[in-house]
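Please keep the structure open beside it and follow the points in order.

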Amino acid sequence: MATQAKFLITAIDNTQRAVRSVQHNMSRMGRSVNRVSRSFASLAAISGGAFAVRGIVDAGIALERFERSLKFATGSAEAGAREMAFVRAEASRLGLDLEQTASEYAKLAAAARGTSLEGEQTREIFSAVSEAARVMGLSAEQTGGTLNAIQQIISKGTAQAEELRGQLGERLPGAFQMAARAMGVTTQELGKMLEQGQVLASDLLPALAAEMRKTFAPEVAAAANDAQAAISRFNTAIFDLQATIAGSGVLDFLSDMADFTRRIAGGETAAEKIDRITKAIEQWKTALPSASADRQIAELRRQLIGGIQGMRVVTG
């Protein structure tokens, strides 16, 4: 359903062109012109409202994508739901943007699937990086790059200087020194071990995660309550609201609207278009959630009912 709903964003242009065409064709109907214009103004308001739900559609699709990715990474929907609950808890605790956090964690969990790092150790690694990113004020690109370097280490099974000194060290200052402390060696000794392929991902990453959490622990609480954390929590609240609305039946409704706009964009006469619009809106009215579910849903419902009433003036 989410895939069909995505079509709405493009289809609205066709609907608006169809509306303008009907208005032009009906312009000779004398005194009914004003009533027709008011009716189609209501429909245009519905079309404009569809643009406002772009974020709802995107949030619904994003959430479905995260759930599919975590189901793949864990092997079941139940385990995937537990991982999603973990991501939500971390986003709340640290003041992270849920959409970005879920996307990055899904990739890390997928990389760790089938390895000794799968499960609890993956969560520890992710929490350690997230805490470091929050304390150091890393950008989304820097945090994503840090996790990408870790994913590469997991995939290869061994750490190389390219990931540890380069990709990881460039995005997370001090990462190489923390890795040396985690392995109980000097930075020079760690460099030689990397050259000889002696640093296993299963040895390095859990120890590095523990060292990172130890290093940044004193600053985590303050960083998790700064202005950036507040903004991220606000973004998460908006994403959650949009995803909740998307899951309340709105995506099903938008799928029907998308199919409708494809059909009315053809070469029908003005009267046929009016008849089709009226019947379709009557059907959509009963499919919408109750007005008390959310103000945005209530507004969309109000616009639909207004369009129905206007159409009855013309066709009744």
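**Notes on the predicted model**

1. Let's begin with one pair of side chains. Arg123 and Glu83 form a salt bridge, with their closest N and O atoms 2.6 Å apart. Because Arg123 belongs to helix H7 (residues 120-136) and Glu83 to helix H5 (residues 77-94), the pair ties together parts that are 40 residues apart in sequence. Glu83 counts as buried, since its relative accessibility is 9%. Please bear in mind that this is a predicted model.

2. Arg123 has another partner worth a look. Its side chain also meets that of Glu120 in a salt bridge, at 2.9 Å from N to O. Here both residues sit in helix H7, 3 residues apart, or about one turn of the helix. In general, an α-helix has 3.6 residues a turn, so residues three or four places apart point the same way. Is Glu120 buried or partly exposed? With 44% relative accessibility, Glu120 counts as partly exposed.

3. Next, please turn to Arg181 and Glu211, which form a salt bridge whose closest N and O atoms are 2.9 Å apart. Arg181 lies in helix H10 (residues 175-183) and Glu211 in helix H12 (residues 201-223), so this pair ties together parts that are 30 residues apart in sequence. Arg181 is partly exposed, with a relative accessible area of 46%, whereas Glu211 is buried at 12%. Elsewhere, salt bridges that share partners join Glu90, Arg93, Glu124, Glu131 and Arg213 into one network. The count of salt bridges comes to 11.

4. While you are at helix H10, look for Ala175, which is found in that helix. Ala175 counts as buried, because its relative accessibility is 2%. Which residues does Ala175 touch, not counting those up to four places away in sequence? They are Leu168, Gly169 and Leu208. From Ala175 to Arg165 the C-alpha to C-alpha distance is 7.8 Å, and the two are 10 residues apart in sequence.

5. Helix H4 (residues 54-74) deserves a point of its own. It has 21 residues and spans 30 Å from its first C-alpha to its last, close to the 30 Å expected at 1.5 Å a residue. Buried residues in H4 include Ile56, Val57, Leu63, Phe66 and Leu70. Gly60 is also buried there, as are Ala59, Ala62 and Ala73. After H4 comes Gly75, with a positive phi near 95 degrees.

6. Now for the open space. The largest pocket has a volume of about 290 Å³. Its lining is made of 17 residues, and Leu96, Gln100, Arg134, Leu138 and Thr143 are the ones nearest its centre. Two or more lining residues come from each of helix H6 (98-112), H7, helix H8 (140-156) and helix H13 (227-264). H7 gives the largest share, 4 residues. By type, the lining of the largest pocket divides into 6 nonpolar, 8 polar and 3 charged residues.

7. Finally, step back to the whole chain. How many helices and strands are there in the protein chain? There are 15 helices and 0 strands. Of the 316 residues in the protein chain, 44% are buried. Among contacts with a separation of 6 or more, 71% are between residues 24 or more positions apart.

How values were computed. Residues numbered from 1 in each chain as written. Predicted model: local features only at pLDDT ≥ 70, side-chain atom pairs only at ≥ 80, totals over all residues. Heavy atoms only, no water. Expected span 1.5 Å × (residues − 1). Buried < 20%, exposed > 50% of the residue type's maximum accessible area, 1.4 Å probe, protein only. Salt bridge = Lys/Arg side-chain N within 4 Å of Asp/Glu carboxyl O. 1 Å grid on protein atoms, 1.4 Å probe; cavity = no way out; pocket = protein on both sides within 12 Å on 5 of 7 lines; lining within 4 Å. Points joined across faces, edges and corners; volume = space filled by probe spheres on them. Nonpolar A, V, L, I, M, F, W, Y, C, P; charged D, E, K, R; others polar. Contact = heavy atoms within 4.5 Å.
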